[in-house]
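Dear colleague,

Please find the structure below, handed over for your study.

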Amino acid sequence: MLKKLSLMLAGAMTMSAAVNAETITIATVNNGDMIAMKELSSDFEAKNPGIDLKWVTLEENILRQRVTTDVATGGGQYDVMTIGTYEVPIWGNQGWLEELDGLGADYDVEDLLPAIRSGLSVDNKLYAAPFYGESSMVMYRTDLMAKAGLEMPKAPTWKFIREAAKAMTDKDAGVYGICLRGKAGWGENIALLTSMSNSFGARWFDENWKPQFDSKAWKDTLEYYVDVMDKYGPPGSSANGFNENLALFQTGKCGIWIDATVAGGFVTNEKDSEVADKVGFALAPDNGLGKRGNWLWAWTLAIPSSSKKSDAAMKFISWATSKEYSALVAEKKGWANVPPGTRASLYENPEYMNAAPFAQITLDSINSADPKNPTVEPVPYVGVQFVAIPEFQGIGTAVGQQFSAALTGRMTVDQALQSSQRLVERAMRKARYPK
């Protein structure tokens, strides 16, 4: 009788918790690590029966538009936002984000990689927690490289990348020597091309905030990009971002792919990649000028100030970015699939280092990126693949559209650069730079 009564009470309590559950809405991006987080979130809900999760999963450019509009207007549509290294310091400084000061005693903020943590802080206060961190690197087909009679250096030059892309291209067999982002967007083709331009000696602005698209360094960057993509890239490349190029590489269509280090776990995953055992890794290329073409980024979880459920949101963020979450991913999906680039302890874990052939390159790339000194010549801004000013979302995407037009042949390289120079000059005058 007592046992039956206990079961009835337990059932009633469970029903009461379900009835009184607080629902938090999470806006996130449609990439592999975030989709895995959603799949594993039943672990969080089991540990927090008073919190239900509602997911809004969006393509990268659409996510940025939606969350930017919501946070700027105080819309309160989302309780947890997936945002990046670009937005966090700007929005934190604007008072649009909650400080993450309630992550728990066992969260271990000091374990976060310094390069990643510093980009998510304002006045030493953390405004977003990194779900994964990344730089960029070269991923290549070891079998095609060997067939071409070439050996990828650990630190290649752009000259070698062109030579290898040419040698690996076999269009009749549906194999393209190189795959690079072509989709227009400040976080798509501009992330690649700005990082790339740094290694060519280019910069967005001089020290007086004068746009520099009329420089030889930018012309060299864009001419190289358009030329190699035209000769050795896949058709329709102006529509390709991270996910599209990932699919091409995983299905054996790309010889070389230069993109986010986070892709290492995807291209070596035997369940998803047809070339999992034929992938090598190298540092992003350079031109001997002292800067490599690698970026620094983190996809992070943050709480907008407009959320009315910040306590529940804080619990979710603590769970999703914790050491325990990494262990959960390792248990369910293997160590190689743990979200990378956020915690020093992960790179001290021999199980992870043995399982992830890309781990050391990832760590070296993250540590070598310098957002405060991103270019060969001095600049007035912070940011490797972006300029950390509020206006960059608009001007970055507008320039990305010009560069995409050059890739498709609708504009020449010179026309794309001239148009970019004019539109950025106009935008900066309107924003009254220098300030």
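**Helix and sheet packing**

Helices α17 and α18 are roughly antiparallel to each other, because the angle between them falls in that class (under 35 degrees counts as roughly parallel, over 145 as roughly antiparallel, 65 to 115 as roughly perpendicular and the rest as oblique). The model is predicted: local features need pLDDT of at least 70 and side-chain atom pairs count only at pLDDT 80 or more, while totals for chains, interfaces and linings use all residues. Residues are numbered from 1 along each chain as its sequence is written, and side-chain values use heavy atoms, with hydrogens and water left out.

Helices (H or I, at least four residues) and strands (E, at least two) are DSSP runs, numbered from the N terminus. Two packed helices are described by the angle between their axes and the distance between the axes. Here, axes are lines fitted to C-alpha atoms, for helices over the stretch in contact, and angles run from 0 to 180 degrees between N-to-C directions.

For α17 and helix α18 (residues 413-430), the packing angle is about 170° and the axes are 9 Å apart. On the α17 side, the residues in contact (heavy atoms within 4.5 Å) are Ile395, Ala398, Val399, Gln402, Phe403 and Ala406. They meet Ala416, Leu417, Ser419, Ser420, Leu423, Val424, Ala427 and Met428 in α18. This contact divides into 11 nonpolar, three polar and no charged residues (Ala, Val, Leu, Ile, Met, Phe, Trp, Tyr, Cys and Pro count as nonpolar, Asp, Glu, Lys and Arg as charged, and the others, Gly among them, as polar).

Helix α17 (residues 392-408) also packs with α10: their axes come within 9 Å and cross at roughly 45°. That angle makes α10 oblique to α17. The crossing is right-handed (left-handed if the near helix is turned anticlockwise from the far one by less than a right angle, and right-handed if clockwise). Trp218, Leu222, Tyr225, Val226 and Met229 of α10 meet Phe403, Ala406 and Leu407 of α17. The residues of this contact divide into eight nonpolar, no polar and no charged.

Helix α10 (residues 216-232) has a further partner in helix α8 (residues 158-168), with axes that come within 10 Å and cross at roughly 15°. The two are therefore roughly parallel. In this case α8 passes α10 in a left-handed crossing. The contact involves Trp158, Ile161, Arg162, Ala165 and Lys166 of α8, together with Tyr224, Asp227, Val228 and Tyr232 of α10. Six of these residues are nonpolar, none polar and three charged.

The model also holds an open sheet of four strands in the order β8-β9-β7-β10, with mixed pairing (two strands pair if DSSP finds at least two bridges between them). Its edge strands, β8 (176-179) and β10 (279-283), each pair on one side only. Strands β7 (residues 136-141) and β10 run antiparallel and are joined by five bridges.

Is β10 enclosed or open? Five of the five residues of β10 are buried, so this strand is largely enclosed by the rest of the structure (buried means under 20% relative accessible area, exposed over 50%, partly exposed in between, with a 1.4 Å probe and protein chains only).
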